[in-house]
Amino acid sequence: MSMVRSVVGGVDTHADTHVGAVIDANGGMLGVESFPADHAGFEALLGWLTSHGQIDRVGVEGTGSWGVGLSRFLHDHEVVVVEVDRPNRQNRRRVGKSDPTDAVSAARAALSGSASVTPKLRNGPVEQMRMLMVARRSARQQRIQTLNQLRHLVFTAPDPVRSRFKDRYKTGLVSEVANLRPRNSSDPITYTTLVTMRGLARRIKMLNEEIKDLDAILTELVDETAPSLVELYGVGTDTAASLLVTAGDNPDRLTSEGSWAHLCGVTPIPASSGKTTRHRLNRGGDRQANAALYRIVLTRMSSDPRTRAYVQRRRGEGLSNREIIRCLKRYVARETFKHLPRAA
């Protein structure tokens with residue numbers, strides 16, 4: 001009775017086509033083929049891989065961008081998917097760059113174990129949060145930009161307009177300007193200035209309503225997904241959503257709180273050599289999660305008695321504020337890991 005051959009796949013993903021490669025258990029190449037980046041193409045790719053043997057795993061490059069649809073499809077068909085990083089630049093210089101080469105490299109990275117990260121599923125409430133956060137972040141940035149433009153117009157407006165609104169830049173400016181009814185007087189500059197200011201103020205109010213609507217949906221999703229996370233001191237809806245998006249819809253892929261801390265970029269990186277033993281600052285990881293931990297730490301440093309006592313003690317030991325914040329971010333990462341949702 002013949003045994004079924006075990007094979008490993010690799011896929012280099014693009015907007016319109018995906019290039020697949022399949023290798024055997026020894027790394028020998030069995031074939032390379034291109035497929036459309038749609039549902040029919042996914043089915044054809046899976047059938048082509050299966051025709052070479054029993055699929056052990058598939059390494060996919062770009063599981064968070066062009067490869068997200070393929071990753072969902074393979075997961076739904078119970079195929080193990082591992083996330084593959086961009087090929088090594090030194091290897092690219094030596095052997096060149098092409099889609100088939102990248103696909104074979106992805107397959108061999110999955111086979112060797114150098115690529116072993118389970119990608120985010122992106123098929124649940126956390127994916128909904130991610131999309132809402134994209135829109136919220138964009139609206140917030142546009143609101144800040146528009147408000148700055150409005151204030152600048154006040155500073156450079158004709159004297160009657162400037163004297164009326166120059167002390168209103170902190171409170172009431174947007175509401176008052178949005179209700180203006182400019183009249184086309186003898187001074188066209190004043191009229192145009194008021195019309196422009198009113199348009200900017202109404203845009204800000206519209207963005208405020210958009211952010212309010214997004215926050216309502218986001219709050220409901222966060223409360224349903226990780227209610228205990230938002231109960232932690234200093235963790236609001238926005239911060240909790242950022243952490244959940246980093247963890248993904250399948251946070252069980254994070255095997256320990258150390259892997260979660262590394263993903264958030266708060267684990268010191270060894271940088272020892274010879275007789276020198278040291279660690280350096282980790283500038284990798286998800287920067288949105290790192291920023292979320294930073295906001296939690298700042299909140300606790302300003303109003304949490306336990307954290308304030310810790311800061312005082314560490315300052316007495318000679319640590320700077322930046323070093324203390326790094327330590328606190330690591331502690332907060334350990335604490336938040338316990339409140340991430342887990343598979344039943």
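## Cores, pockets and a buried helix

Author: In this predicted model, the largest nonpolar core has 38 residues, and Met129, Leu244, Trp260 and Leu293 have the most contacts inside it.

Reader: What makes this set of residues a nonpolar core?

Author: Two conditions have to hold: the residues are buried and of nonpolar kinds such as Met, Leu and Trp, and they are joined through side-chain atoms within 4.5 Å. The 38 residues form a set of that kind, so they count as a core. At least two residues each come from α5, α8, α9, α10, α11, α12 (305–316) and α13. Apart from this core lies another, of 17 residues, including Phe42, Leu46, Trp48 and Val81. As background, nonpolar side chains tend to be buried together in soluble globular proteins.

Reader: Which residues is leucine 293 in contact with, leaving aside its neighbours within four places in sequence?

Author: Leucine 293 is in contact with Leu243, Cys264, Val266, Lys329, Val332, Ala333 and Thr336. Contact here means heavy atoms within 4.5 Å.

Reader: Why is helix α9 called largely enclosed?

Author: A residue is buried when its relative accessible area is under 20%. Nine of the eleven residues of α9 (residues 237–247) pass that test, so the helix is largely enclosed by the rest of the structure. The nine are Thr239, Ala240, Ala241, Ser242, Leu243, Leu244, Val245, Thr246 and Ala247. They pack against α5 (125–156), α8 (188–225), α10 (257–263), α11 (287–303) and α13 (321–337). After α9 comes glycine 248, which has a positive phi, near 90°.

Reader: How many cavities of 30 Å³ or more does a search of the whole structure find, and what makes a space a cavity?

Author: The search finds one. A space is a cavity when a 1.4 Å probe fits but cannot get out. The largest cavity holds about 40 Å³ of space, and with that volume it clears the 30 Å³ cut-off of the search. Its lining consists of Lys120, Arg122, Val126, Glu127, Arg130, Val245, Gly248 and Asp249. Helix α5 gives the most, with three residues. By class, the lining has two nonpolar, one polar and five charged residues.

Reader: What makes a space a pocket, and which residues are the closest to the centre of the largest pocket?

Author: A pocket is an open set of points, with protein on both sides within 12 Å along at least five of seven lines. The largest pocket has a volume of about 590 Å³. Of its 25 lining residues, Glu83, Lys120, Arg122, Arg253 and Leu263 are the closest to the centre. β5 (81–84), α5 and α9 each supply at least two residues, and α5 gives the most, with four. The lining divides into nine nonpolar, eight polar and eight charged residues.

The second largest pocket has a volume of about 450 Å³. Its 19 lining residues include Leu281, Asn282, Arg322, Arg326 and Lys329, the closest to its centre. Helix α13 gives the most to this lining, with seven residues.

Reader: How do you know that the protein is more spread out than a compact globule?

Author: The protein has 13 helices and seven strands. Its radius of gyration is 27 Å, whereas the globule rule gives 20 Å for 344 residues; the value is well over the rule, so the protein is more spread out than a compact globule. Along the principal axes, the C-alpha atoms fill a box of roughly 95 × 60 × 45 Å. Buried residues make up 40% of the 344 residues.

Conventions
Residues are numbered from 1 along each chain as its sequence is written. This is a predicted model: local features need pLDDT of at least 70, side-chain atom pairs count only at pLDDT 80 or more; totals for chains, interfaces and linings use all residues. Side-chain values use heavy atoms; hydrogens and water are left out. Buried means under 20% relative accessible area, exposed over 50%, partly exposed in between (1.4 Å probe, protein chains only). On a 1 Å grid over the protein atoms alone, a cavity is a set of points where a 1.4 Å probe fits but cannot get out, and a pocket is an open set with protein on both sides within 12 Å along at least five of seven lines; lining residues have an atom within 4 Å of a point. Grid points are joined across faces, edges and corners, and a volume is the space filled by probe spheres set on the points. Ala, Val, Leu, Ile, Met, Phe, Trp, Tyr, Cys and Pro count as nonpolar, Asp, Glu, Lys and Arg as charged, and the others, Gly among them, as polar. The radius of gyration is taken over C-alpha atoms; the globule rule is 2.2 Å times the number of residues to the power 0.38.
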